[in-house]
Amino acid sequence: MKELIVIMMTVILVDNFVLSQFLGICPFLGVSKKMDSAKGMGIAVTFVMVIATAVTWPIQKYLLERYDVEYLQTLVFILIIASLVQLVEVTLKKYIPPLYKSLGIYLPLITTNCAVLGVTIMNIDEEYTYLQSLSNTLGAGLGFLLAMVLFSGVRKRLEECTMIPEAFRGIPITLVSASLLSVAFMGFGGIVEGIFL
Amino acid sequence: MKNKLKTLTNGIIKENPVLVLLLGLCPTLATTTGAANGFGMGISTMAVLVCSNMVIALLKDIIPSKVRVPAYIVVIAGFVTIVQMLLKAFLPTLDAALGLYIPLIVVNCIIFGRAEMFASKNSVLNSAMDGIGMGIGFTLALTVIGFIREALGSGTIFGMAFAGEAWTPMMIFMLAPGGFFVLAIIIATINWLSKGQAIKKKEIGCDGCPMIEQCGGYCDREEGRLA
């Protein structure tokens with residue numbers, strides 16, 4: 001149990017997907033203008049990530065590895081994620097309309113979000129067990145959500161700021177603030193070991 | 001011929017995928033801890049881009065438009081797998097350095113975007129030219145970013161020390177914050193040199209996102225409403 005918590009906390013704070021591993025930068029910069037959409041995107045990504053891991057891990061272990069076709073991993077995983085996203089969308093639309101209303105708009109974008117494919121492959125590369133994989137994935141999703149929500153707050157301030165030099169307006173200043181947020185997250189280095197071990 | 005040359009050079013400067021169109025930022029930031037890594041990532045992506053562009057241009061009349069997204073994904077993933085195997089066999093050090101980001105070429109917006117925006121509407125030769133141009137532009141951007149980060153962060157150029165004791169490397173440029181910072185400075189410089197003309201997009205958003213047709217830009221709107 002402790003091990004699972006350590007894996008999860010590490011990926012949320014220390015090895016944050018966006019701020020230290022550069023996975024999911026496009027939605028991080030593109031959808032973080034408003035707090036609501038940042039939250040929605042973060043939750044939708046977490047949701048799809050967990051489902052994707054729950055499906056891809058057994059497929060890797062019991063299908064690809066068993067029949068020695070691990071080289072199909074990339075192809076199989078991306079197809080599974082693409083069809084899962086569709087499936088989740090249809091299911092939510094039919095059975096849980098309120099959830100679909102708040103998350104549905106973000107779902108089509110998630111297929112090409114590298115954080116989702118990244119986490120499923122990372123779980124295999126790190127040789128995590130099924131439970132470890134799920135906890136790593138949940139942590140990755142929550143870390144993404146945390147970074148999105150924090151950054152949307154920063155951007156709100158940026159938009160009100162009028163003192164930015166001409167050349168830095170827009171994208172450059174956004175990247176500089178992302179860089180500073182990333183420095184802040186570096187401060188978490190070692191915290192997990194300190195608390196749990 | 002002149003047109004083809006224009007298609008080729010378009011991707012290198014005027015529509016540089018990273019520095020002007022701002023696509024594919026994940027691999028750009030993650031693999032540029034050194035000039036050699038950036039270069040390797042650029043070339044790998046270019047190989048996939050050229051091959052997938054050509055195959056998609058060949059198949060554009062056969063693939064029904066309703067299933068084009070999964071069809072493109074399969075084509076791209078196939079070429080990524082080939083590149084992955086070649087790197088593992090012949091360049092194991094580069095493979096180890098790039099690691100996770102090699103399979104992630106599949107979800108690189110540049111490749112999908114060019115398939116959707118260019119290869120599905122143009123001839124095979126033109127698509128190949130576009131792929132080469134965009135690939136060179138991507139490689140160039142990654143190498144430049146990698147060069148700067150490596151020089152500042154570890155005091156080496158392509159792995160060779162250039163200043164010896166006189167230069168104290170600033171580790172932070174090799175870490176995540178340095179990646180964001182160097183990219184910000186480069187884009188700001190382009191903005192400054194071109195007096196804000198080069199980079200038309202003022203925010204990173206839906207323009208150029210390959211999924212725009214599916215989502216219609218809802219993600220960027222206030223509390224998106226679905227019909």
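This is a predicted model: local features need pLDDT of at least 70, side-chain atom pairs count only at pLDDT 80 or more; totals for chains, interfaces and linings use all residues.
Chain A is built from helices, with 10 of them assigned and zero strands, and its order of elements along the sequence accordingly reads α-α-α-α-α-α-α-α-α-α. The C-alpha trace of chain A extends over about 60 × 45 × 30 Å along its principal axes. Within chain A, 50% of the 197 residues count as buried. When the contacts of chain A between residues at least 6 apart in sequence are considered, 79% are found to join residues that lie at least 24 apart.

In chain B, attention is given to one pair of helices. Two packed helices are described by the angle between their axes and by the distance between those axes. For helix H3 of chain B, which covers residues 35–59, and helix H7 of chain B, which covers residues 124–154, the axes come within 8 Å and cross at roughly 165°. Because this angle is over 145 degrees, H3(B) is roughly antiparallel to H7(B). The contact of H3(B) with H7(B) comprises, by residue class, 19 nonpolar, 11 polar and two charged residues. As to handedness, the crossing in which H3(B) passes H7(B) is right-handed.

Terms used
Residues are numbered from 1 along each chain as its sequence is written. Chains are lettered from A and ligands numbered from 1 in the order in which they are written. Axes are lines fitted to C-alpha atoms, for helices over the stretch in contact, and angles run from 0 to 180 degrees between N-to-C directions. Helices (H or I, at least four residues) and strands (E, at least two) are DSSP runs, numbered from the N terminus. Angles under 35 degrees count as roughly parallel, over 145 as roughly antiparallel, 65 to 115 as roughly perpendicular and the rest as oblique. A crossing is left-handed if the near helix is turned anticlockwise from the far one by less than a right angle, and right-handed if clockwise. Ala, Val, Leu, Ile, Met, Phe, Trp, Tyr, Cys and Pro count as nonpolar, Asp, Glu, Lys and Arg as charged, and the others, Gly among them, as polar. A residue is buried if 20 or more other C-beta atoms lie within 10 Å of its own, exposed if 12 or fewer, and partly exposed in between; C-beta atoms are placed from the backbone. Two residues are in contact if their C-beta atoms, placed from the backbone, lie within 7 Å.
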